Amino acid sequence: MNNQVAQQQKPTKLTDLVLDRVKQMQDTQDLSLPKNYNASNALNAAFLELQKVQDRNHRPALEVCSHDSIVKSLLDMTLQGLSPAKDQCYFIVYGNELQMQRSYFGTVAAVKRLDGVKKVRAEVVHEKDDFEIGANEDMELVVKRFVPKFENQDNQIVGAFAMIKTDEGTDFTVMTKKEIDQSWAQTRQKNNKVQQNFSQEMAKRTVLNRAAKMFINTSDDSDLLTGAINDTTSNEYDDDRRDVTSVEDEKQSTDKLLEGFQKSQEAKAKGVSNDGNSNEGGEASEEVADGQTELFNEGTIKPADEADS
């Protein structure tokens, strides 16, 4: 009985600890959270979510994960202005460590916080689409022409491109399907069913990740924000410093992502957006996730390594 009470109290104390730390950062390190972001509510939502998270042996994450890894996951979540209540992030157990990973919607929310970003968009190029690239007078790559066709939607994907529009101009990034596949091969979840079943959405996410990498690491934004963004994204990639992810851990993560994708697809089919409002004109919601919301129209993020999935 005493153990049960202790387990119930532990996450509450951890969330209080993180909230106090965030307040200190706001006072001493110029941390600025999103205007409508309530860190306390987000941490309470995380507390509820953590009670459901288990490791591969079905043991509660709050029992098996180290105190430091739980605090770090909650702190990274808060620094990026994310909340599991909005399907922006989720938690996964790797060994005795807890890791917070963003959904696609979470990366959208994070990149919107970076100074100067006005719009981010990605598109997939299918076989027989009219697609042309070139260069401007500064020898920067540009997409000169893109004319997708409805009848090509079921054709093979041949590539994807991303656009990041900032106060200073527009940057384009283009990847072939081979480059996308190579990027997917570097993720911690090999043979990911999400990549197979939702290849268009995941291809967009991958090219947006690569497009955002240079912008993030050369931005003037707070090191607290950019560091949290990069660190969280790197959780998804192979790294010799980490333990190899078990098959069952991968399955839990994949199932989580698939569940979110399926929900978002069902919502789109009904013409209802994630906030409960109908999509006027029959247009699909713009925000779809790795498991959650809008269809890649605005934003994603990338770690500072070479992987971009």
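**Exercise 1: A sheet and its strands**

In β6, Val124 has Ala160 as its bridge partner. Keep in mind that this model is predicted.

Task: Find how many bridges join β3 to β6, and in which order the strands of the sheet lie.

Solution: 
- Start with the pair: β3 and β6 (residues 157-166) run antiparallel and are joined by nine bridges.
- Next, widen the view: the open sheet has three strands, ordered β3-β6-β7, with antiparallel pairing.
- Then look at the edges: β3 (117-126) and β7 (169-176) each have a single partner strand, so one side of each has no neighbour in the sheet.

**Exercise 2: Two helices**

Task: Decide whether α6 and α8 are roughly parallel or roughly perpendicular to each other.

Solution: 
- Take the angle: α6 (residues 177-184) and α8 (residues 199-217) pack at about 85 degrees, and their axes are 10 Å apart.
- Apply the cut-off: angles of 65 to 115 degrees count as roughly perpendicular, and therefore α6 and α8 are roughly perpendicular to each other.
- Name the contact: α6 contributes Glu179, Ile180, Ser183 and Trp184, while α8 contributes Ser199, Met202, Ala203, Thr206 and Arg210.
- Sort the residues: four of this contact are nonpolar, three polar and two charged.

Conventions
Residues are numbered from 1 along each chain as its sequence is written. This is a predicted model: local features need pLDDT of at least 70, side-chain atom pairs count only at pLDDT 80 or more; totals for chains, interfaces and linings use all residues. Side-chain values use heavy atoms; hydrogens and water are left out. Axes are lines fitted to C-alpha atoms, for helices over the stretch in contact, and angles run from 0 to 180 degrees between N-to-C directions. Helices (H or I, at least four residues) and strands (E, at least two) are DSSP runs, numbered from the N terminus. Angles under 35 degrees count as roughly parallel, over 145 as roughly antiparallel, 65 to 115 as roughly perpendicular and the rest as oblique. Contact means heavy atoms within 4.5 Å. Ala, Val, Leu, Ile, Met, Phe, Trp, Tyr, Cys and Pro count as nonpolar, Asp, Glu, Lys and Arg as charged, and the others, Gly among them, as polar. Two strands pair if DSSP finds at least two bridges between them.
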